[in-house]
Amino acid sequence: MAVVVLSNVKGMDGADISLACRQFINSLCIPYKGMASLSPEIYGQLVQWTDNNTLCALAQVSKALRPVAERPLYRTVYARDAEDAFNACLALATRGGERGPYVRRFYFYPRSSRLTVLPEHFWQAVKVALTLMVNLDVLVLHDPTFTNTWVLSGPEIKFQLREANLVLQWDRTLVDFLETQDRLVSLHVEDSLEDGPLAAIAPGKLDTLRVLHAPPLVVAELLACPLTHLQIEVDSDTAAIVPTIMLDLGRIMKSLLSLQVIYLPENMALEVFHIISTSVYAPTLYRLGALPYPVQSVSIRLVLCRKY
């Protein structure tokens, strides 16, 4: 049956491929003396053309098929519900954590925007799972209470991320983690909930970072990074320092190609756009994000039209 499936796969559409694979699985459910002798190449071809439901069935056929079928199943772990995320983390920790290296993308972003205090055993499970995901490329992690950056602490965290979206408090623990990431290209972070100066990134760290979405105070800490795309999220507490940060940005950030300043108060727009127009990156800037508020002032429109 395996030979039939693989020999005809190029001439089949998606429905025919799925049907052929299901037929093969049904044949494997009958004791088959030579099943264990099938080559990894055949298993790989079967997995390549199967959907998730079929992969789940394949994973239960034999020990030989299980790792081949589970690898694509666990490549992306996506959870919008805390219970789903908890169960996924437990699944990664079973059987000695053999599934952990399969995960390349891990997303936990709760559906509800309300403040939800998740129990400590939940975050303990997340911590254990993160230590097992040694091949993780993308991490999206949302802590509604901003109190659990400790899940990223310690030398047992081995992965090197390309993209991180961390709705966590910017504190010393988070900064220590980021300083270990030598291939991080894209970063989305939140502000600190503590008074006083933010924890600073050590010189020479995050030198691969190109894309940043952060509040003004965090942007100020990362001005040495060779950013090409920057989104600054302003709020009422940080609006007053935006012109100063934009001046520093305008003197340093020659590599910037795209800039978006969101939630900028309208009464500051003219000053900020004037700073942008005189910056070192102005000649090469190809995208400037629109203000979320209606632009009423003729003088603001003139600045935008003349420059862009």
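1. Strand 2 (residues 105-108) runs parallel to strand 3 (residues 138-142), and the two pair over 4 bridges. Phe106 has Leu139 of strand 3 as its bridge partner. Strands pair here if DSSP finds at least two bridges between them. Helices (H or I, at least four residues) and strands (E, at least two) are DSSP runs, numbered from the N terminus.

2. On the basis of these notes: this is a predicted model, in which local features need pLDDT of at least 70 and side-chain atom pairs count only at pLDDT 80 or more, while totals for chains, interfaces and linings use all residues. Residues are numbered from 1 along each chain as its sequence is written, and side-chain values use heavy atoms, with hydrogens and water left out.

3. The pair in point 1 belongs to an open sheet of 9 strands, with parallel pairing and the order 1-2-3-4-5-6-7-8-9. Its edges are strand 1 (76-79) and strand 9 (287-288), each of which pairs on one side only.

4. Side chains of opposite charge can pair when their charged atoms come close. The whole structure holds 9 salt bridges, a salt bridge being a side-chain nitrogen of Lys or Arg within 4 Å of a carboxyl oxygen of Asp or Glu. One of them links Glu70 and Arg99, with the closest N and O atoms 3.0 Å apart. Buried means under 20% relative accessible area, exposed over 50%, and partly exposed in between (1.4 Å probe, protein chains only).

5. Are Glu98 and Arg95, by contrast, buried or exposed, or in between? Glu98 is partly exposed, because its relative accessibility is 31%, and Arg95 is partly exposed at 35%. Their side chains form a salt bridge of 3.0 Å, N to O.

6. A further salt bridge joins Arg251 and Asp248 at 2.4 Å, N to O. These residues are 3 apart in helix 10 (residues 242-252), so about one helical turn separates them. Arg251 is exposed, at 55% relative accessibility, whereas Asp248 is partly exposed at 24%.

7. Most residues other than glycine have a negative phi. Phe146, in the loop between strand 3 and strand 4 (163-167), has a positive phi near 55°. Phe146 counts as buried because its relative accessibility is 18%. Tyr263 also has a positive phi, about 65°. Tyr263 is in the loop between strand 8 (258-262) and helix 11 (266-277), and is partly exposed at 44% relative accessibility.

8. Which residues lie closest to the centre of the largest pocket? The largest pocket holds about 270 Å³ of space. Of its 16 lining residues, Glu190, Asp191, Pro215, Asp235 and Thr238 are the closest to its centre. Strand 5 (186-189) and strand 6 (211-214) are the elements that give two or more residues to the lining.

9. The lining of the largest pocket divides into 7 nonpolar, 4 polar and 5 charged residues. Ala, Val, Leu, Ile, Met, Phe, Trp, Tyr, Cys and Pro count as nonpolar, Asp, Glu, Lys and Arg as charged, and the others, Gly among them, as polar. A pocket is an open set of points on a 1 Å grid over the protein atoms alone, where a 1.4 Å probe fits, with protein on both sides within 12 Å along at least five of seven lines; lining residues have an atom within 4 Å of a point. Points are joined across faces, edges and corners, and the volume is the space filled by probe spheres set on them.

10. Ser258 lies in strand 8 and is buried, with a relative accessible area of 7%. Leaving out residues up to four places away in sequence, Ser258 touches Thr228, His229, Leu230, Leu285, Tyr286 and Arg287. Contact means heavy atoms within 4.5 Å.

11. Ile262 is also in strand 8 and is buried at 11% relative accessible area. Its contacts beyond four places in sequence are His213, Gln231, Ile232, Glu233 and Val234. The C-alpha atoms of Ile262 and Ile232 are 6.3 Å apart, although the two residues are 30 residues apart along the chain.
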